[in-house]
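Please open the model in your viewer and keep the selection tool at hand.

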Amino acid sequence: MTWTCDQVEARLSDYLDGLLTGPERAEFEAHADSCPQCVPLLASVRSLVGEMHAMEEVEVPPRLVYAILDKTLGPRETVTGWQAFLQMIRGMASPKFAYGAASILATFVILASSLGFSVKNPKIADLRPANVYRNAVREVHLVGARGEKYVSDLRVVYEIQSRLRQDDNNLRTTPEEVLPKSVPEKTPGQTDDRKPNQPRQQNRADQISHQLELLAAELPLAGGRSIR
Amino acid sequence: MEQDAQLVQQCLQGDGSAWEELVRRHTRRIFGICYRFTGNRTEAEDLAQDVFLRVYRTLGSYRSAHGGFATWVTSVTRNLLIDHYRRTKRDRVTDSLDDKMAVVENKESAGRRPDEQALLGELSGQLQNALTRLSPELREAVILRDLQQLEYAEIQTVLAVPEGTVKSRINRGRIELARILQQMGVRPA
């Protein structure tokens, strides 16, 4: 059944709000899309609803909240002079303010120390821009040098570890070289390079220390340093 | 919504800061409803204060089981707006608050300063002007649905009428508003 203009007008908002069923929507559109009176009505209401939804919120008067609070809770007392100052000081005694102030102070102390300003022995001269710049550059170089040294030391340790692993593998594959070929022929106390009377671990330790000495001689940064 | 219920409980126990928080959370919305209904900022300010004063005095009667706090405050706002309308429009012949057919009012939006009009923007100002020309029943329905974005069920609670009546008022309000704007020359025929 084809809808009339009155029916379309009565269900206009339901159509715009998506509340019509499938068949109802079809009947609505069948009339509203062709009726010379309903077409402009639908377009104008649709446009109006869109504009109302897009309207900005009304600006609230800035003192309205305080006026409401005064009317309900009663007017707040305003303090001046010394009382206002004491009230401000009391406000600073809150944990939140104390924590914030301590954080800021710690930040300044760390920053000043990193720029060369001595907290224990402060000097006005340390605050001069030229001195601050010089101290900052010196600190940057010091940090850079320490970082370089740390990386180099790590490299040395890594090289030593890898050599030790290599030696360990070599020792496992050729155990006959460590032990003497004819033990009964040697007399106790006789010294030679292998020292067969000593336990295997001591021989191995001696070989490792010999390897480390060779390694130390090879690496420039570790040159002249005794590993033992 | 749950936070509002907690704040209400704290208010009832005498916590002034909880009341302040409730006021801050709802002032913008309540002032918006009052302004859209009256079209006058000064009246809207006074009415918003009266709304919160009434809410403050009757806070003990709020029951969360009957709906959200925002819906309850909106109901109080709507009742005050209607009372205000009745007080100020007592002499009007086209008073349609007694279940008469809604009639478009030829009311000028009194009390709006020229700078307010400029601030609102031309179209927005004309829309507000047209809104205040609607009858109160249609005006409140359109404000709650299209400007406050309330659901039909909430509007039903606020207006204390059946859902069918809510839909009918919103529909008639939108159509009348479009026709008013057309008469004002804002919309093409």
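Select chain B: of its 189 residues, 37% are buried, where buried means that 20 or more other C-beta atoms lie within 10 Å of the residue's own, exposed means 12 or fewer, and partly exposed covers the range in between, with C-beta atoms placed from the backbone. This is a predicted model, in which local features need pLDDT of at least 70, side-chain atom pairs count only at pLDDT 80 or more, and totals for chains, interfaces and linings use all residues. Residues are numbered from 1 along each chain as its sequence is written, while chains are lettered from A and ligands numbered from 1 in the order in which they are written.

**Confidence**

Colour chain B by pLDDT, the predictor's confidence in each residue, from 0 to 100. The mean for chain B is 84, and 80% of its residues reach 70 or more. Now select residues 97–110 of chain B, where pLDDT stays under 50. Where pLDDT is low, the predicted coordinates should not be read in detail. For the model, the scores are ipTM 0.79 and pTM 0.58.

**The helices of chain B**

Switch to a cartoon view. How many helices and strands are there in chain B? Chain B has nine helices and zero strands; helices (H or I, at least four residues) and strands (E, at least two) are DSSP runs, numbered from the N terminus. Among contacts in chain B between residues at least 6 apart in sequence, 66% join residues at least 24 apart, two residues being in contact if their C-beta atoms, placed from the backbone, lie within 7 Å.

**Helices α2 and α4 of chain B**

Select residues 16–38 of chain B for helix α2 and residues 69–88 of chain B for helix α4: their axes come within 11 Å and cross at roughly 30 degrees. Axes are lines fitted to C-alpha atoms, for helices over the stretch in contact, and angles run from 0 to 180 degrees between N-to-C directions. The two helices, α2(B) and α4(B), are therefore roughly parallel to each other, since angles under 35 degrees count as roughly parallel, over 145 as roughly antiparallel, 65 to 115 as roughly perpendicular and the rest as oblique.

Next, show the side chains at the contact. On α2(B) these belong to B:His26, B:Ile30, B:Ile33, B:Cys34 and B:Phe37, and on α4(B) to B:Ala70, B:Val73, B:Thr74, B:Thr77 and B:Leu81. By class, this contact of α2(B) with α4(B) has seven nonpolar, three polar and no charged residues. Here Ala, Val, Leu, Ile, Met, Phe, Trp, Tyr, Cys and Pro count as nonpolar, Asp, Glu, Lys and Arg as charged, and the others, Gly among them, as polar.

B:Pro136 is found in helix α7 (residues 136–147) of chain B and is partly exposed, with 19 other C-beta atoms within 10 Å.

**B:Gly173 in helix α9**

Move to B:Gly173, in helix α9 of chain B. Is B:Gly173 buried or exposed? B:Gly173 is buried, with 24 other C-beta atoms within 10 Å. Beyond its neighbours within four places in sequence, B:Gly173 is in contact with B:Leu134, B:Leu138, B:Arg139, B:Ala141 and B:Val142.

**Two loop residues**

Select B:Gln149, in the loop between α7 and α8 (152–159) of chain B. B:Gln149 has a positive phi of about 60 degrees although it is not a glycine. Most residues other than glycine have a negative phi. B:Ala160, in the loop between α8 and α9 of chain B, has a positive phi of about 55 degrees.

**Where chain B meets chain A**

Finally, display both chains. In this interface, 32 residues of chain B are in contact with 26 residues of chain A. Which helix gives the most to the side of chain B that touches chain A? That helix is α2(B), with 10 residues. By class, this side of chain B has 17 nonpolar, seven polar and eight charged residues.
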